Amino acid sequence: MNLKKKKEQLTAIYERFEAESREFWKQAVCRPGCAFCCTNMGNIDVITLEGMIIREHIRDFSSKKKKEMCTRLLRNREEKVKGRTSPCPFLKADQTCLIYEIRPFSCRQLYSLGKCGPAGATVHRQARELAGKTVKNLQQLDDNGYSGHISFILHLLDNREFREFYQSGGFDPARIREFGKSGGLLINRMVSAAPVASG
């Protein structure tokens with residue numbers, strides 16, 4: 001796997017989505033510090049490739065910050081297993097994002113036309129459809145990887161054997177079957193081949 005090339009392709013997918021959704025975003029009420037999506041949505045899904053980028057970013061943290069991040073990710077994973085909503089582990093005390101520059105697509109697609117409440121965000125139907133197609137493009141790009149909640153994907157990537165196998169282009173879902181089931185991970189190659197639902 002040429003990781004550098006994959007990262008460039010990932011960036012191109014992000015940029016294409018941003019260009020195609022720009023008109024929708026003009027009406028958004030979202031502002032820095034508005035963290036409803038980071039605290040109440042409960043799902044921050046990533047593909048394995050995005051997880052690799054986030055993992056590399058974490059490696060540059062101080063020892064203290066890395067330890068704190070490990071604790072947050074573990075707590076987040078435990079809450080997710082129990083079916084509870086848990087704030088994003090990368091949300092800072094001031095309600096801004098610790099990894100904003102490299103945030104995954106599940107965060108990049110979020111906006112709202114009105115103040116978020118119990119029903120969540122209000123978005124254009126066309127933007128939702130565009131996001132669905134973009135997710136499929138991401139899964140096709142990362143076709144030997146997986147999609148799932150951020151803390152599960154990062155935990156999977158902590159396993160050196162899996163990480164090296166993934167980076168070599170290896171594909172063998174049986175290797176992570178039990179963990180994949182417990183974390184609700186999707187196999188990108190399988191879901192990206194399915195037709196996109198319309199409506």
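Reader: What makes the pair formed by the side chain of Asn144 and the backbone oxygen of Tyr166 a polar contact?

Author: The backbone oxygen of Tyr166 lies 3.0 Å from a polar atom of the Asn144 side chain, and a polar contact is a pair of N or O atoms within 3.5 Å, where within protein one must be able to donate a hydrogen and the other to accept it, and residues adjacent in sequence count only if both atoms are side-chain atoms; the pair therefore qualifies. The backbone oxygen of Gly170 also lies 3.1 Å from a polar atom of the Asn144 side chain. This is a predicted model in which local features need pLDDT of at least 70 and side-chain atom pairs count only at pLDDT 80 or more, while totals for chains, interfaces and linings use all residues. Residues are numbered from 1 along each chain as its sequence is written, and side-chain values use heavy atoms, with hydrogens and water left out.

Reader: Why is Asn144 called buried?

Author: Buried means under 20% relative accessible area, exposed over 50%, and partly exposed in between, with a 1.4 Å probe and protein chains only; Asn144 has 5% relative accessibility, so it counts as buried.

Reader: Which residues is Asn144 in contact with, leaving aside its neighbours within four places in sequence?

Author: Contact means heavy atoms within 4.5 Å, and on that rule Asn144 is in contact with Met1, Tyr166, Gly169, Gly170, Phe171 and Arg189.

Reader: How do you know that there is a cavity, and what lines the largest cavity?

Author: On a 1 Å grid over the protein atoms alone, a cavity is a set of points where a 1.4 Å probe fits but cannot get out, and lining residues have an atom within 4 Å of a point. By this rule the count comes to one cavity of 30 Å³ or more, and about 40 Å³ of space lies in the largest cavity, a volume being the space filled by probe spheres set on grid points that are joined across faces, edges and corners. Asn144, Tyr166, Gly170 and Phe171 are among the residues that line the largest cavity.

Reader: Which residues touch the most other members of the largest nonpolar core?

Author: A nonpolar core is a set of buried Ala, Val, Leu, Ile, Met, Phe, Trp, Tyr and Cys residues joined through side-chain atoms within 4.5 Å; of the 38 residues in the largest one, Leu10, Ile54, Ile58 and Phe90 touch the most other members.

Note on methods:
On a 1 Å grid over the protein atoms alone, a cavity is a set of points where a 1.4 Å probe fits but cannot get out, and a pocket is an open set with protein on both sides within 12 Å along at least five of seven lines; lining residues have an atom within 4 Å of a point.
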